[in-house]
Amino acid sequence: MKHLISPMDLSVDEINEILDLAKRIKENPEKYAHVCDGKKIATLFYEPSTRTRLSFETAMLDLGGKVIGFSSADSSSAAKGESVADTIRVISCFADICAIRHPKEGAPKVATLYSDIPVINAGDGGHNHPTQTLTDLLTIKMLKDDLNNLTIGLCGDLKFGRTVHSLINAMVRYKNTKFILISPNELKIPDYLRKEVLEANNIEFTETDELETYMPQLDILYMTRVQRERFFNEEDYVRLKDSFILDEKKMQYARKDMFVLHPLPRVNEISVDVDNDPRAVYFKQVQFGVYARMALIMKLLDIKEPS
Ligand code: NCD
């Protein structure tokens, strides 16, 4: 049985297959409207979410399936002290596939050890968020046509931002990727990513705290929120939260064909005046996320393409 815990669980071929399927679904959604008739997804969210949970649920409903789940740890038996291991054994009796978001790194991985159904990591602490990455890759592929030869600026909280970690892990596997890692000194990428992923794969990268300087080089600018919930103290958060604010003035430094992505939610890091810029694609990205998750659900449930 296949689970999706880290982007590395999928080969580049498998990722490309999922993205191609997502594209076909986007072009002809009616064709896929009943492929999951009789199937259920369980969404087990121990941490807040708007997009990811509702995107999984929309994806399953749009495939003809049904949805069960909980949207906070407080409303589940976790509040009574139940372990993830026991919860997933129970959920395996109810659903065909599940998506788990949990504040602890590794919790979805633990679930795979006890699960009879495919488990999808919908975000584990500051670690990984592989379905946001499928969303990001699909967005980039749809807009740029190719995932090779891209210079990607990642800006904001690169230390705790799990979407950043997963995106780096995925993009190093495409040809000639370059990263500009833009963050305050305290929020640089974790050491393991720098050493075991970037340096180990001979990936070109620059770490900086300047956004404007590098703007003209970028094909993609991936903005992120400073992850308040992962900070040890509020003063550090308050000091760092507005380190980078993208506005229309800064957008003038960017190329005409650069796109701005953001996993959302946005707090202050992109000024609303950027929303009307045709290069701001973060709301489009949300729609692509549904197609990416539809394709992933089909793959993990081994559902054949309808004729
Ligand atoms: C992200 C997450 O939960 O990691 N949100 C999302 O799933 N789209 C990013 C964030 O919360 O900043």
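## Salt bridges, stop by stop

Asp275 is partly exposed, with a relative accessible area of 25%; buried means under 20% relative accessible area, exposed over 50%, and partly exposed in between (1.4 Å probe, protein chains only). The model is predicted: local features need pLDDT of at least 70, side-chain atom pairs count only at pLDDT 80 or more, and totals for chains, interfaces and linings use all residues. Residues are numbered from 1 along each chain as its sequence is written, and side-chain values use heavy atoms, with hydrogens and water left out.

The term stands for a side-chain nitrogen of Lys or Arg within 4 Å of a carboxyl oxygen of Asp or Glu. Arg266 is partly exposed as well, at 22% relative accessible area.

Next, select Arg53 and Glu57. The closest N and O atoms of this salt bridge are 3.4 Å apart. Both residues sit in helix H2 (residues 51-62), four residues apart, about one turn of the helix. Helices (H or I, at least four residues) and strands (E, at least two) are DSSP runs, numbered from the N terminus. Arg53 and Glu57 are both buried.

Move on to Glu207 and Arg194, a salt bridge with its closest N and O atoms 2.9 Å apart. Glu207 is in strand S7 (residues 204-208) and Arg194 in helix H7 (residues 191-199), so the pair ties together parts 13 residues apart in sequence. Glu207 counts as partly exposed at 27% relative accessibility, while Arg194, at 13%, counts as buried.

Finally, select Lys144, Asp219, Arg255 and Asp257, which are linked in a network of salt bridges. The count of salt bridges comes to 22.
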